[in-house]
Amino acid sequence: MAKYNFNGLAYESIDNFVFGHAPKKIEFANGMVIGGGTVYPEVNFTLPPMQVNKNTIQKAFKEYKTMIQDTCQRAVELQVPGLVVEIELVPDMTFNPEWGIEVTKIIKDVMNEYAVKSGLKSLLRMTPVDIREGNDLEHMWYGKQWDTLMHCFRGCAESGADLLSIESVGGKNLHDDAVMYCDMPKNIFSLGVVAAKDMQKLWKNIVEIANQANIVPAGDTACAFSNTSMVLGVRGMIPTVYAAVDRVMTAVRSMVAHEEGAIGPDKDCAYEGPYIKIITGTPISMEGKSSAVAHNTFCGNIAAAVADLWSNESVENKRLLGGNTAAICTEMLAYDCRLMNTATSAGQNIMLRDLFVESDSKLDAHAYIMRPDVVYNIAKEIVKGKSHFERTKIAGLKSVEELKKAEKAGKLILNQREMTYLDMIESQLTSITDNEEKFLDNMLKSNTTTTFDPKKYDLVV
């Protein structure tokens, strides 16, 4: 059973649904308050292209130390009110948990040093890689990969992390097939059944680890799911309307982390974050124009509309004219946050939020479904669902309805190809039975995804 059943919205209207403010703000011992009125930069950096093994690991440790020193120094110079640093561990540092644990110690030691000598307030988010993939995977919830992943989480929690997150992959193999063929029934199966089931098991354990260490179980992201769709949409490889509808549907599986006890902020690459925030009231981390170092998006401004942390997504350590990349990203984020915080101080935060929204929402379907008013309209329908399966289906249908209404009213520009796909998506969604047991039985019997083994999720054909 989930710990929390969110059956209403945390906001009565969108009047207070704005960046920097969340009903369930998170207060930390160093004085930082996420969701308490201030938007903080969240800097994410990673290694340059290199092999990570026992022969190179010391070099990798030095890279991390350089990056965090550069980040903290630039943050001090720019007088940021607080800083969040995220480390997404590379796979080898999760497969070898002691390496990931050592990175946690290295990063936290430098952050503590700057807190003492410069008064820099900072928090560390550690994000192990979800390694539960491959032909040798015994099961999603036990076996070598599971045990190694949990060891990494525990070690990071005990070695200096302030927040724990993950980009989980349960159901991803099904979702990859669904996106490739624009197959909404399989999409519902992957997100509303398989991924949601995995999230319950995974986040129950992450929350327990975080609570035992007295740190924050933050949140997940549908990066492995709808970020794939988003990027494919940007590149014209799938319809952008499919990616947009898919994004809203992923909010249901991402919210399971909060049902199990995560308290935010969720991961930066969770563009479904506004839906999480308006339903759960927890603060969120977002990324947009300042994450162009990592990927393309048509949501560069609107992504900031209700953000509580503002991130660069991730950047490799390289030298550019302005300095090392970690420091450069810190500077870009610091100025973005300074503008948002100044708008709040001047009582102009709603105006700035609406400018963020209007600058993007008409030009792209993915941006449009991130509008606060649209998020509100769709979210209030999602929470009427009694199961993850039902909520995911509602999310899809309501998103199609909002996109069609917007195009008809001239609020969203869509070409005929996109409109044709919207009709197809709607037809597929309405054809899905409301009987979850019957749906599950049909999907298991008709499964053609060779990389998906139902037994590894305790599903029986």
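Reader: How do the axes of helix 6 and helix 14 cross?
Author: In this predicted model, the axes of helix 6 and helix 14 (residues 388-408) cross at roughly 135 degrees and come within 9 Å. Axes are lines fitted to C-alpha atoms over the stretch in contact, with angles from 0 to 180 degrees between N-to-C directions. Helices are DSSP runs of H or I with at least four residues, strands are E runs of at least two, and both are numbered from the N terminus.

Reader: Which residues of helix 6 and helix 14 meet there?
Author: From helix 6, Ile188, Leu191, Gly192, Val193, Ala196 and Gln200 take part. They meet His388, Phe389, Thr392 and Lys393 of helix 14 (contact means heavy atoms within 4.5 Å). By class, this contact of helix 6 with helix 14 has 5 nonpolar, 4 polar and 1 charged. Ala, Val, Leu, Ile, Met, Phe, Trp, Tyr, Cys and Pro count as nonpolar, Asp, Glu, Lys and Arg as charged, and the others, Gly among them, as polar.

Reader: OK, what about helix 5 and helix 6, parallel or antiparallel?
Author: The axes of helix 5 (residues 172-181) and helix 6 (residues 184-212) cross at roughly 155 degrees and come within 8 Å. Helix 5 and helix 6 are therefore roughly antiparallel to each other.

Reader: And which residues make the contact of helix 5 and helix 6?
Author: Helix 5 brings Leu174, His175, Asp177 and Ala178. Helix 6 answers with Lys186, Asn187, Phe189, Ser190, Leu191 and Val194. The contact of helix 5 with helix 6 divides into 5 nonpolar, 3 polar and 2 charged residues.

Reader: Next pair. At what angle do helix 9 and helix 13 cross?
Author: Roughly 60 degrees is the angle between the axes of helix 9 (residues 273-280) and helix 13 (residues 372-382), which come within 10 Å. Helix 9 and helix 13 are therefore oblique to each other.

Reader: What residues of helix 9 and helix 13 meet?
Author: Pro274, Tyr275, Ile278 and Ile279 belong to helix 9, and Val374, Val375, Tyr376, Ile378, Ala379 and Ile382 to helix 13. The contact of helix 9 with helix 13 has 10 nonpolar residues, no polar and no charged ones.

Reader: Changing topic: what lines the largest cavity?
Author: Met230, Gly233, Val234, Thr240, Ala243, Phe298, Cys299, Asp364 and His366 do. A cavity is a set of points on a 1 Å grid over the protein atoms alone where a 1.4 Å probe fits but cannot get out, and lining residues have an atom within 4 Å of a point.

Reader: Which helix gives the largest share of that lining?
Author: Helix 7, with 3 residues. Helix 7 (223-234) and helix 8 (240-259) each supply at least two. In the lining of the largest cavity, 5 residues are nonpolar, 3 polar and 1 charged.

Reader: Where is the cis peptide bond?
Author: It runs from glycine 264 to proline 265, with omega near -5 degrees. Proline 265 sits in the loop between helix 8 and helix 9.

Reader: And what is phi of asparagine 214?
Author: Near 60 degrees, a positive value in a residue other than glycine. Asparagine 214 is in the loop between helix 6 and strand 7 (216-219).

Reader: What should I know about the numbering and the values?
Author: Residues are numbered from 1 along each chain as its sequence is written, and side-chain values use heavy atoms, without hydrogens and water. Local features need pLDDT of at least 70, side-chain atom pairs count only at pLDDT 80 or more, and totals for chains, interfaces and linings use all residues.

Technical notes
On a 1 Å grid over the protein atoms alone, a cavity is a set of points where a 1.4 Å probe fits but cannot get out, and a pocket is an open set with protein on both sides within 12 Å along at least five of seven lines; lining residues have an atom within 4 Å of a point. Angles under 35 degrees count as roughly parallel, over 145 as roughly antiparallel, 65 to 115 as roughly perpendicular and the rest as oblique.
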